[in-house]
Amino acid sequence: MYYAYILISEKSSRFYIGHSNEIIERLNTHNTGRVKSTRNKGPWKCVYFEEYDTKLEANRRELEIKKQKSKQYIDDLINNTRK
């Protein structure tokens, strides 16, 4: 399985959108400062993810979410899964 995911910084409330086949391990890499774009901006918490069969599908979904360029869109995704 592959995942498109959204992380939130507990420090700044900023979002990070990505994809991976090892979502827990990937979250660990973000929280230990091994990802340049998220370094010194955490700790990070996974607030949303979707499962896909292929890396290509997960990557496409990541890009689709990023293309929205909308905090409201991301908030809606997160909140709709909690209902």
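Reply: In this predicted model, β2 (15-20), α2 (55-68) and α3 (71-81) each contribute at least two residues to the lining of the largest pocket. The largest share, 3 residues, is supplied by β2. The pocket has a volume of about 240 Å³, and its lining consists of S13, R14, F15, Y16, I17, I65, K66, K69, S70, K71 and I74. Sorted by class, these are 5 nonpolar, 2 polar and 4 charged residues.

One of the lining residues, K71, also takes part in a salt bridge with D75, in which the closest N and O atoms are 3.0 Å apart. Both residues belong to helix α3 and lie 4 residues apart, about one turn of the helix. K71 is exposed, because its relative accessible area of 51% is over the 50% cut-off.

Helix α2, which also contributes to the pocket lining, contains R61. R61 forms a salt bridge with E50, with 2.8 Å between the closest N and O atoms. E50 is in strand β3 (residues 44-52), so this pair ties together parts that are 11 residues apart in sequence. Both partners are buried: E50 has 14% relative accessibility, and R61 has a relative accessible area of 10%.

R61 forms a further salt bridge with E64, the closest N and O atoms being 2.6 Å apart. These two residues are 3 residues apart in helix α2, about one helical turn. E64 is partly exposed, at 41% relative accessible area. The model has 4 salt bridges in total.

Note on methods. Residues are numbered from 1 along each chain as its sequence is written. This is a predicted model: local features need pLDDT of at least 70, side-chain atom pairs count only at pLDDT 80 or more; totals for chains, interfaces and linings use all residues. Side-chain values use heavy atoms; hydrogens and water are left out. On a 1 Å grid over the protein atoms alone, a cavity is a set of points where a 1.4 Å probe fits but cannot get out, and a pocket is an open set with protein on both sides within 12 Å along at least five of seven lines; lining residues have an atom within 4 Å of a point. Grid points are joined across faces, edges and corners, and a volume is the space filled by probe spheres set on the points. Ala, Val, Leu, Ile, Met, Phe, Trp, Tyr, Cys and Pro count as nonpolar, Asp, Glu, Lys and Arg as charged, and the others, Gly among them, as polar. A salt bridge is a side-chain nitrogen of Lys or Arg within 4 Å of a carboxyl oxygen of Asp or Glu. Buried means under 20% relative accessible area, exposed over 50%, partly exposed in between (1.4 Å probe, protein chains only).
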